[in-house]
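Please walk me through this structure.

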Amino acid sequence: MQIFLDTAEIEDIRSRLDAGLVDGVTTNPSLIAKAGAGIFERVAEICDAVDGPVSAEVVATEVGGMVEEGKRLAAIAPNVVVKLPLTAQGLIACRTFAEAGIQTNVTLCFSVNQALLAAKAGASYVSPFVGRVEDAGGDGIGLLADIRQVYDNFGYETEILAASLRGPAHVEAAASVGCDAATIPPKVFDQMVAHPLTDKGLATFLKDWESTGRTGLD
Ligand code: E4P
């Protein structure tokens with residue numbers, strides 16, 4: 001499963017690249033606003049740092065504006081993925097970009113029907129919002145599983161990018177139901193590696209080794 005960082009904070013991205021585990025980045029207008037950055041400059045910086053897909057979202061709501069903004073975003077770097085809202089206008093823009101060979105991420109997906117339409121519109125990625133579904137009392141992981149089933153039924157190639165993931169358990173569940181990618185806040189990325197038994201076991205190994213009086217492996 002691909003792992004994307006869900007942030008527009010450039011240092012949060014750069015500081016997590018060393019192990020080669022970050023496959024891409026997703027941003028949205030809220031994240032860019034929070035970072036206090038200009039969208040074109042910040043997306044360019046992220047694309048310089050990361051080879052994989054970098055989702056950058058339009059803010060226009062009419063198809064003409066979405067296509068114009070999306071083209072400007074796509075011109076920043078070859079790895080930009082134009083992020084479009086899952087609206088009727090967004091799906092028309094998605095079709096336009098699919099026909100032009102420009103990658104898209106159709107976002108704000110909350111139902112199987114929406115995901116089905118995104119796939120039919122030629123989306124490269126669809127982003128179901130697990131955390132926000134759960135906030136509203138729904139079954140976010142069930143939604144991912146249902147979309148996986150429908151896409152497999154018909155052989156749709158749109159990749160399922162689990163989004164709005166709030167903790168490591170969400171990442172595990174997204175992987176278990178066969179999502180192609182998960183986008184996660186940097187904090188959740190850090191939490192994925194941590195396990196108390198790993199820390200406890202390592203402390204015991206080191207203490208036992210120290211008791212031999214040796215330093216290092218010699
Ligand atoms: C990413 O593509 C989404 O915009 C993001 O995951 C939304 O997360 P949130 O629901 O925690 O804001």
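**From a threonine pair to the ligand**

The side chains of Thr 26 and Thr 183 are joined by a polar contact of 2.5 Å. Keep in mind that this is a predicted model.

Thr 26 sits in strand β2, which covers residues 24-26. Is Thr 26 buried or exposed? Thr 26 has a relative accessibility of 2%. Buried means under 20%, so Thr 26 counts as buried.

Both threonines also belong to the surroundings of the ligand. Which other residues surround the ligand? By type, the shell around the ligand divides into 4 charged, 4 polar and 2 nonpolar residues. Phe 129 and Ala 163 count as nonpolar. Asp 6, Lys 83, Arg 132 and Arg 166 count as charged.

In the side chain of Asp 6, an N or O atom is 2.6 Å from an oxygen atom of the ligand. For Ser 164, an N or O atom of the side chain is 2.7 Å from a ligand oxygen atom. Arg 166 places a polar side-chain atom 3.2 Å from an oxygen atom of the ligand.

How much of the ligand does the protein bury? Taken alone, the ligand exposes 340 Å². The protein buries 84% of that. As for location, the space taken by the ligand is the largest pocket.

Terms used:
Residues are numbered from 1 along each chain as its sequence is written. This is a predicted model: local features need pLDDT of at least 70, side-chain atom pairs count only at pLDDT 80 or more; totals for chains, interfaces and linings use all residues. Side-chain values use heavy atoms; hydrogens and water are left out. A residue is near a molecule or strand if one of its heavy atoms lies within 4 Å of it. A polar contact is a pair of N or O atoms within 3.5 Å; within protein, one must be able to donate a hydrogen and the other to accept it, and residues adjacent in sequence count only if both atoms are side-chain atoms. Accessible areas come from the Shrake-Rupley method with a 1.4 Å probe; for residues, only the protein chains shown count as cover. On a 1 Å grid over the protein atoms alone, a cavity is a set of points where a 1.4 Å probe fits but cannot get out, and a pocket is an open set with protein on both sides within 12 Å along at least five of seven lines; lining residues have an atom within 4 Å of a point. A molecule sits in a cavity or pocket if more than half of its atoms lie within 2 Å of its grid points. Helices (H or I, at least four residues) and strands (E, at least two) are DSSP runs, numbered from the N terminus. Buried means under 20% relative accessible area, exposed over 50%, partly exposed in between (1.4 Å probe, protein chains only).
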